[in-house]
Each structure stands twice: as structure tokens, then as C-alpha cells.
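Hi,

Here is the structure I promised to pass on. Have a look at it first, and then read my notes below.

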Amino acid sequence: MIGLQTPPRRRSADREAGLLPLINVVFLLLAFYLIAGHLSPSAPFAVTPPEQDGAALETSADTVIHIARDGSVAIDGERVDADALSRSIAAMDRQGARGVATIRLVADARADAAQVVAILGRLRDEGVETVDLVTRAP
């Protein structure tokens, strides 16, 4: 016999061992994106903030209020009536958020300015001290 032996069969464990590094890399990428990524809820309607003139500030918000061009209002992605806005802010107060919560106001550039000022007044009346107005870079 001159070397006509059949090659030894590879065990299935040897074939699966090549997948282990790939699984490790995918798991590490998944863990990285879960830790480093920040998911924020999308706006319940289209909002185009006004352009900014100054430097941008990065802050986080506990509550996000959206005001659409047509006057629709949403708190944390849920549409509310303008009259229900005060009740929603009072509910945040009952949860212990007064004075601590950061509120981000995202108003459309073509929204009625009187309505935006009225909502800011309601926030002030409910004891909110700081509101971040969202703008976009020119």
C-alpha cells in the first residue's frame, strides 16, 4: 500500500470550534452597543426646531415636551391636550421630580410663539425652574 488511506474524519466539535471566536465578537459588540448606546423615544409628530445662534450644550432630560406646528403637545412621546399639560406636570411632582427633573422643550420653528410662552408659564407655575429649549445647528 502506497498511501491510499482514507483521510481521518473531522469530528463535528472541530468544525464548531471555528464559530466560537465569531460568537464572542458578536456578543462583545452587542454588549458594547447596549452599554454605550442611548435610545431616545422618537417624536410623536414632525417637529423642526428653530436654528441656533450660539454654541451647543449637551444635557440630558428626564422629561421631553414636543410642540408641533399645529399646536399639538406631547409629553414623553404621548400626545396630551394643552389642558392636560398642567395635570401631567403635577403628576411628575407627585413622583418626586419637582426641582430635580430636567425638562427639554422641543418646539417647531413655526409653532405659535404665544402657545410656547403659555406652556413655559404653566411649567413655571408648577414649580419647574429649568427648561432646555432644543434648537438645531444652522
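Helices (H or I, at least four residues) and strands (E, at least two) are themselves DSSP runs, numbered from the N terminus.

Some housekeeping next. This is a predicted model, where local features need pLDDT of at least 70 and side-chain atom pairs count only at pLDDT 80 or more, while totals for chains, interfaces and linings use all residues. Residues are numbered from 1 along each chain as its sequence is written, and side-chain values use heavy atoms, with hydrogens and water left out.

On to the overall picture. The protein chain has 4 helices and 5 strands, and from the N terminus they come in the order α-α-β-β-β-α-β-α-β. Mean pLDDT (the predictor's confidence in each residue, from 0 to 100) is 77 for the chain, with 72% of the residues at 70 or more.

UniProt, in an unreviewed entry, puts a "transmembrane region" at residues 17–36; its positions are given in the numbering used here, feature names are shortened, and annotations may be inferred rather than shown by experiment. In the model, that stretch is 90% helix and 0% strand, with its end C-alpha atoms 30 Å apart.

Now the strands. What is the bridge partner of Ile65 in E2? It is Ile75, and E1 and E2 pair in the antiparallel sense over 3 bridges. The hairpin they form has 5 residues between the strands, and Gly71 has a positive phi there, near 95°. Ile65 also stands opposite Leu105 in E4. Strand E1 (residues 63–67) and E4 run parallel, joined by 5 bridges, and Thr63 faces Ile103 in that pairing.

E4 pairs with strand E5 (residues 131–133) as well, again in the parallel sense, over 3 bridges. There, Arg104 has Asp132 as its bridge partner. Together with helix H4 (residues 113–125), E4 and E5 make a right-handed β-α-β unit. Right-handed here means that, with the strands pointing away from the viewer, the path from the first strand over the helix to the second runs clockwise.

How covered are these strands? Buried means under 20% relative accessible area, exposed over 50%, and partly exposed in between (1.4 Å probe, protein chains only). In E4 (residues 103–107), 4 of the 5 residues are buried, so this strand is largely enclosed by the rest of the structure. In a regular strand the side chains alternate between the two faces of the sheet. E1 is covered on both faces, with Thr63, Ile65 and Ile67 buried on one side and Val64 and His66 on the other. For the chain as a whole, 22% of the 138 residues count as buried.

Beyond its neighbours within four places in sequence, Val116 is in contact (heavy atoms within 4.5 Å) with Ile67, Leu105, Ala107 and Ala111. Val116 and Ile67 are 49 residues apart along the chain, yet 7.7 Å separates their C-alpha atoms.

Asp76, though, has a positive phi near 50°. Asp76 sits in the loop between strand E2 (73–75) and strand E3 (78–80), and is partly exposed at 40% relative accessible area.

Cheers

Methods:
Two strands pair if DSSP finds at least two bridges between them.
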